[in-house]
Amino acid sequence: MATLQNSPSLHRTLVLNSFTKLHKQSTFHCCRRSNSFLVRAEQTPASSTCCPSQDRSGRRQVLTAGTIASWVFLTNQHSVSFAAENKKGFLPVTDKTDGYEFVYPFGWQEVTVEGQDKVFKDVIEPLETVSVNVFPTVKQDIKEFGSPQQVAETLIKKVLAPPTQKTKLIEAVEHEIDGKTYYTFEFVAKAPNYTRHALSTISIGNGKFFTLTIGANERRWDKMKDKLHTVVDSFKIFKV
């Protein structure tokens, strides 16, 4: 991965210079069962007061059923929320300082690389890595830098691959998450003895420019592409 070979100052200079030049060009519904229990409790016939034992027994049944229904409702809420944050076969990462989160494949290890905010890599396949870069910016929206294709081409040629490699942009698309615009693109970078197939997603938030890039050797792309897409799709910026 090209970014792993760049120094922080060089990487930052390339990004800022490239973009300066380019710029110049389910809420859940209330549980019905719980509601029905409340109605039954409120509509208990007045005649029931003549039979204290039956009344107490009936109330106990209503309270018990209501408690069970509430517990099931809360459990379902927790389960769905937990499933949304934790995907099978992946581990979550949350950076509360810069304000971003994503997941990475289980078994990958975090490593420290100069100039990178976060890096996780496979211990066997050297080209299977995910990295996050964070740079300050005065821009408010990624669209201010240009179209998805323009921004992707600039990043690939100037930052994400060394100049000695032949690169090709396969696809670049725009999408929104919680009203925030993200650009996601797919590309390949060919070196003399290998080809890396990669995905990147970029966006702006909290006064910062974020890039997440993940990839694998071309020979393992078909096997790894679903995992790589899961990581890219999980990337999200939140306010801090």
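Student: What makes strand 6 and strand 7 a pair?

Tutor: In this predicted model, 11 bridges join strand 6 to strand 7 (residues 180-190). Two strands pair if DSSP finds at least two bridges between them, so these antiparallel strands count as paired. Strands here are DSSP runs of E with at least two residues, helices are runs of H or I with at least four, and both are numbered from the N terminus.

Student: Why is strand 6 said to stand at the edge?

Tutor: The open sheet has 7 strands in the order 3-4-5-9-8-7-6, with antiparallel pairing. Strand 3 (109-110) and strand 6 (166-177) each have a single partner strand, so one side of each lacks a neighbour in the sheet.

Student: How do you know that helix 5 packs on the sheet?

Tutor: Contact means heavy atoms within 4.5 Å, and helix 5 (residues 221-234) touches strand 5 (129-136), strand 7, strand 8 and strand 9.

Student: What makes a group of residues a nonpolar core?

Tutor: Its members are buried Ala, Val, Leu, Ile, Met, Phe, Trp, Tyr and Cys residues joined through side-chain atoms within 4.5 Å. Buried means under 20% relative accessible area (1.4 Å probe, protein chains only). The largest such core has 24 residues, and F102, V130, L212, I214 and F235 have the most contacts inside it. Helix 5 gives the most to this core, with 5 residues.

Tutor: Some ground rules: residues are numbered from 1 along each chain as its sequence is written, and side-chain values use heavy atoms, leaving out hydrogens and water. Local features need pLDDT of at least 70 and side-chain atom pairs count only at pLDDT 80 or more, while totals for chains, interfaces and linings use all residues.

Methods: Axes are lines fitted to C-alpha atoms, for helices over the stretch in contact, and angles run from 0 to 180 degrees between N-to-C directions. Buried means under 20% relative accessible area, exposed over 50%, partly exposed in between (1.4 Å probe, protein chains only).
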